[in-house]
Amino acid sequence: MFLVTVFLQGVTFGGITLLYLKRYDLGSEFIPVNLPDKHDSAVIAGGSISLLGLLYVASSVISALGLSSAQNQIVAVGQENPVVFLLLIPLQFLLVGPGEELLYRGLIQGKLRENFYPARAIVLASALFASIHLFSLTGEGKLVYIGTAFVLALVLGIAYEYTENILVPTFMHATYNAAQFAGAYLTSTGGI
C-alpha cells in the first residue's frame, strides 16, 4: 500500500501530466518552471507556514464543533511502523509534491484558466484535488477531511497564480506534507 500510494501520487500524476503536454504539443512553457528567486522563496516560506497554520485552525474548529476528520490510509501504515513516516518525508519532495502539483495546479488549473477567470480555475482545480483524496481515506469524517484539503488547495492554487512558477506550490505542498509526517513520527515514537 505504501509504494502504491507514493507511485500513484508521484510517478503516475506527474507522468500523466507530461504525457498530456507531449500529446497536445503544449511545450514546457504551459507549466512555468523556474528556479525560485528571493520573492518565490519568501512565498514558499510564508505559504508553507500559512498551510500549517490553516491546518491548526481547521483542527481547532473541527475539535470545537465535536467533529472528527478521516485519516489518510498511509498514516495507519506509519503508525504500525513509524519508519514509514521517515521514508515519506523525502518522497514528498521527490515524487508526491511534484507529481500532484504538476497535475492539479500545472495541468488542470492551467487548462481551466484557458476558459475561466483564474479565481474560478483555482476553485475548480482545488475541488478536484480535494475530492481525489477521498479514495485514500479511512474512518469517519471524510467530508471534513475533504473540506480541509480544499481550503489548503486554494492556498496552493493562489500561490501558483501569483508566482507563475510550479515549483512554488510544489515546495509548499511537500513542506506541508513532510512536516505532518515528521510530527506523526514524533507522536508515534513518543518523541513529543
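Predicted model: local features only at pLDDT ≥ 70, side-chain atom pairs only at ≥ 80, totals over all residues.

I began with α5 and α6, whose crossing is right-handed.

Residues are numbered from 1 along each chain as its sequence is written, and side-chain values use heavy atoms, with hydrogens and water left out.

**Entry: α5 and α6**

I looked up the axes of α5 (residues 118–132) and α6. They come within 8 Å and cross at roughly 140 degrees. Axes are lines fitted to C-alpha atoms, for helices over the stretch in contact, and angles run from 0 to 180 degrees between N-to-C directions. The two helices are therefore oblique to each other. Under 35 degrees is roughly parallel, over 145 roughly antiparallel, 65 to 115 roughly perpendicular, and the rest oblique.

I then listed the contact (heavy atoms within 4.5 Å). From α5 it includes P118, I122 and F129, and from α6 it includes I146, F150 and E161. The contact residues divide into twelve nonpolar, three polar and one charged. Nonpolar covers Ala, Val, Leu, Ile, Met, Phe, Trp, Tyr, Cys and Pro; charged covers Asp, Glu, Lys and Arg; the others, Gly among them, are polar.

**Entry: α3 and α4**

Next I checked α3 (residues 73–80) against α4 (residues 83–113). Their axes come within 6 Å and cross at roughly 130 degrees. That makes α3 oblique to α4. I found I74, V75, V77, G78 and Q79 of α3 in contact with V84, F85 and L88 of α4. This contact has six nonpolar residues, two polar and no charged.

**Entry: two loop residues**

Which phi does D25 have? I read a positive phi of about 50 degrees, although D25 is not a glycine. D25 sits in the loop between α1 (2–23) and α2 (38–64). At 69% relative accessibility, D25 counts as exposed. Exposed is over 50% relative accessible area, buried under 20%, and partly exposed in between (1.4 Å probe, protein chains only).

E164 has a positive phi of about 55 degrees and is not a glycine. I placed E164 in the loop between α6 (142–163) and α7 (167–189). E164 is exposed, at 54% relative accessible area.

**Entry: T170**

Is T170 buried or exposed? T170 is buried, with a relative accessible area of 6%. I found T170 in helix α7. T170 touches G97, P98 and E101, not counting residues up to four places away in sequence.

How values were computed. Helix = DSSP H or I, 4+ residues; strand = E, 2+ residues; numbered from the N terminus. Left-handed = near helix turned anticlockwise from the far one by under 90°.
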